[in-house]
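Take a look at the sequence and the 3D structure below. Then work through the questions one at a time.

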Amino acid sequence: MIRFGEDVKGYNIPVLNEREIRAAAGIMFLATFISWMLILFEGNFVPIKYVLTIFFSDFIIRVFINPKYSPILIIGRLFVSNQNPEYVGAKQKKFAWYIGLVLSATMFVLMVIINTYSYITGVVCLICLILMFFETAFGICLGCKIYKIFNKEKIQYCPGEVCDVKAKQAIQKIAISQVWVIIFFVALLLSISLLFHQSFREKPANLFELYPAKKLIKTSLSILNIVTVNTKILFYTSVTHCYLQ
């Protein structure tokens, strides 16, 4: 019962399913992000305390008992149970989850037990969000990359086979034209931010206060009527044209 990783035929070391790990990271990211937004905009610290308690308990189960019995990983498995598993080495994941355990323990002590908040909790929370976002969005385990730096042994079965040296295929390479697209896009965003900075800062008005419901419905019906009439004219013109042909 107490072990780390699963024995799968064809793999000479214990492995884990990367798909359910990414799903679990997505669940954790969403819960943490929502809790963080509630703190920033409403000053509500209650959700984050529940989230931290759950995450800290979950990491203890993953690292010291067995990832197989991690509640969040089990939920992740439910979501991706119909997908083909992607096996990754358990060693590097254990190291990455030790990092998660230390971060969640720090947050748990400071925010749940001592009941405090500071720049320390803010920075630690941001680091957690970055780690989970990279895992979820890009399939990049930053903790595994740190493990690779400190471990001289060859790492096997990394997510996306990034540990194996291989030439990039044409579809993976970034062309100069694509680089220019990014530069142009950034320049466009900067231009828009300079031109519309003041209007973006204005608070939106209530639609139904600005345009009463009756007036809004009347305007919508008028637009719909114009579109319908133009569509009918276009249809009858096309039919007539086909008939004359």
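**Overall fold**

Read along the sequence, the protein chain runs β-α-α-α-β-α-α-α-α-α-α-α. This is a predicted model, where local features need pLDDT of at least 70, side-chain atom pairs count only at pLDDT 80 or more, and totals for chains, interfaces and linings use all residues. Residues are numbered from 1 along each chain as its sequence is written, and side-chain values use heavy atoms, with hydrogens and water left out.

Q: How many helices and strands does the protein chain have?
A: Helices (H or I, at least four residues) and strands (E, at least two) are DSSP runs, numbered from the N terminus. Counted that way, the protein chain has 2 strands and 10 helices.

Q: What percentage of the residues in the protein chain is buried?
A: Buried means under 20% relative accessible area, exposed over 50%, and partly exposed in between (1.4 Å probe, protein chains only). The protein chain has 245 residues, and the buried share is 25%.

Q: Among contacts between residues at least 6 apart in sequence, what percentage joins residues at least 24 apart?
A: Contact means heavy atoms within 4.5 Å. Of the contacts in the protein chain between residues at least 6 apart, those joining residues at least 24 apart make up 73%.

**Helix H4**

Q: Is Gln 92 buried or exposed?
A: Gln 92 is found in helix H4, residues 90-113. Leaving out residues up to four places away in sequence, Gln 92 touches Cys 144, Tyr 147, Ile 155, Gln 156, Tyr 157 and Cys 158. Its relative accessibility is 3%, so Gln 92 counts as buried.

Q: Which residues of H4 are buried?
A: An α-helix has 3.6 residues a turn, so residues three or four places apart point the same way. The buried residues of H4 are Ala 90, Gln 92, Lys 93, Ala 96, Trp 97, Gly 100, Leu 101, Leu 103, Ser 104, Met 107, Phe 108 and Met 111.

Q: How many salt bridges does the structure hold?
A: Side chains of opposite charge can pair when their charged atoms come close. A salt bridge is a side-chain nitrogen of Lys or Arg within 4 Å of a carboxyl oxygen of Asp or Glu. The number of salt bridges in the structure is 5.

Q: Which residue forms a salt bridge with Glu 20?
A: The closest N and O atoms of the pair are 2.8 Å apart, and the partner of Glu 20 is Arg 77. The pair links distant parts of the chain, 57 residues apart: Glu 20 sits in helix H1 (residues 18-42) and Arg 77 in helix H3 (residues 71-80). Glu 20 is buried at 9% relative accessible area.

Q: Which cysteines form a disulfide?
A: A disulfide is a pair of cysteine sulfur atoms within 2.5 Å. The structure holds 1 disulfide. Its sulfur atoms are 2.3 Å apart, and they belong to Cys 141 and Cys 144.
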